[in-house]
Amino acid sequence: MATVLTVVGILVFVVGLLFSIAWHELGHLSTAKLFGIRVPQYMVGFGPTIWSRRKGETEYGIKAIPFGGYIRMIGMFPPGEDGRITKRSSSPWRTMIEDAREASYEELQEGDENRLFYTRKPWKRVIVMFAGPFMNLVLAFGLFLTVMMGFGVTMAVPTIGSVAQCVVKAGQPTDTCPADAPKTPANEVGLRQGDKVLSFDGDRIRDYDQLQADIRRSAGKQVEVVVDRDGQRLTFRPTIAVNDVQKYDGNGVPVKGQTVQAGFLGFTPRSETVQLGLGQSIDRMYGMAENGVKSLAALPGKIPGLWNAVVGNAPRDPDSPIGMVGAARVSGEVFSLHESAAQRVAIFVNLLAGINLSLFLFNMLPLLPLDGGHIAGAVWESVRRRFARLFRRPDPGPFDVARLMPVAYVVASIFIGFTLLVMVADLVNPVKVG
């Protein structure tokens, strides 16, 4: 049965990924048609075409490899300096440029002269290129809201899950107490599992994050803690210990391998599934987006760890990046978990939302051949033309993004190499659901 559920999870992930890609390309397609740009093709996937149908002037289809998609717009690049579409040269860089230029005019028809992408005003081109990633952002927002406000999220609450017997530094075993280890303040005053903390040192407690912050800044201080125990309000007066505890960043994410000296009461909070409000959900999503940007910036530093996980059989870091193969594998594992159906669906939806957020952030990088590269080109063209008008100089004309194609090939090669490395790591040393 577990095998069947794993296969179902992988298939559901593939369908969700195809929908995310189609949704992305729909953003490009709809805005391109809105601005009168001719779009001969709308394809989900790469490689051989499995199915296609022509409707109007556009061919819609699905290809064999479901890890991408595209729309083909006429006239992505302007003609060369000589006004011609093709200009052959022995230079490999020039050949790359002119091949890209020629490909953007492959299906040019009579009457298309006023329907070319490059002839549209820069702000319209920005909208067309931004619309794809924006659709992923909208989908991620909707899916995250569904999970947070509908299914709820598992989070620590200000209720005691267990009480530590003695004070030990973060990262040390807690199942046994060293002979010289003092009792934890929670243990010493008699706090118990199930006690719900109502107030701490006069502050009414709303959530665990607030309680944790209050405890950490009260090192060495005697405080008054009011709890609810089986409907009865009890008051305790522990003296908060000073201890090396886990360090967290500004978004409440643990900083791996780092500790900080702070107040320590000595209990582990209970975890519960809590449905968040709209404001809480938006705050949480903002933090996730911020972490996503940091993770994207940290990708180059992850390459040695990935390489060692593939070649050196080193343990795969739980924070290691995963590709679509790894995500499909995780989806299969999620569906085979011994959890309720609602929890499994919530985890899967959260996974798909995270992928769409990643697609948005990745595509906004100002590098060709990504959407962000075309956006940067259109913005630069607008800046050049504004400066020309300001200083009464001749119009410099459209910015020739085709000249950047050699850079685009280098960037694409790096992306392909990184993708292959991640894919191999996902196959031979995968990240597993914990």
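Eleven helices and ten strands make up the secondary structure of the protein in this predicted model. The radius of gyration is 28 Å, whereas the globule rule gives 22 Å for 434 residues; the protein is therefore more spread out than a compact globule. The C-alpha trace spans about 85 × 60 × 45 Å along the principal axes.

**Burial, surface and contacts**

Of the 434 residues, 39% count as buried. Carbon and sulfur atoms hold 59% of the accessible surface, which comes to about 23,900 Å². The side chains include 46 positive and 39 negative ones, and the centres of these two sets lie 5 Å apart.

**Nonpolar cores**

The largest nonpolar core has 49 residues. Within this core, the residues with the most contacts are Phe 13, Met 73, Phe 117, Val 128 and Phe 144. Five helices and a strand are listed below; each supplies at least two residues of the core.

| Element | Residue range |
|---|---|
| Helix H1 | residues 2-34 |
| Strand S1 | residues 41-55 |
| Helix H3 | residues 122-151 |
| Helix H8 | residues 324-335 |
| Helix H9 | residues 341-363 |
| Helix H11 | residues 405-428 |

Technical notes:
Residues are numbered from 1 along each chain as its sequence is written. This is a predicted model: local features need pLDDT of at least 70, side-chain atom pairs count only at pLDDT 80 or more; totals for chains, interfaces and linings use all residues. Side-chain values use heavy atoms; hydrogens and water are left out. Helices (H or I, at least four residues) and strands (E, at least two) are DSSP runs, numbered from the N terminus. The radius of gyration is taken over C-alpha atoms; the globule rule is 2.2 Å times the number of residues to the power 0.38. Buried means under 20% relative accessible area, exposed over 50%, partly exposed in between (1.4 Å probe, protein chains only). Accessible areas come from the Shrake-Rupley method with a 1.4 Å probe; for residues, only the protein chains shown count as cover. Lys and Arg count as positive and Asp and Glu as negative; His and the chain ends are not counted. The place of a charge is taken as NZ of Lys, CZ of Arg, CG of Asp or CD of Glu. A nonpolar core is a set of buried Ala, Val, Leu, Ile, Met, Phe, Trp, Tyr and Cys residues joined through side-chain atoms within 4.5 Å.
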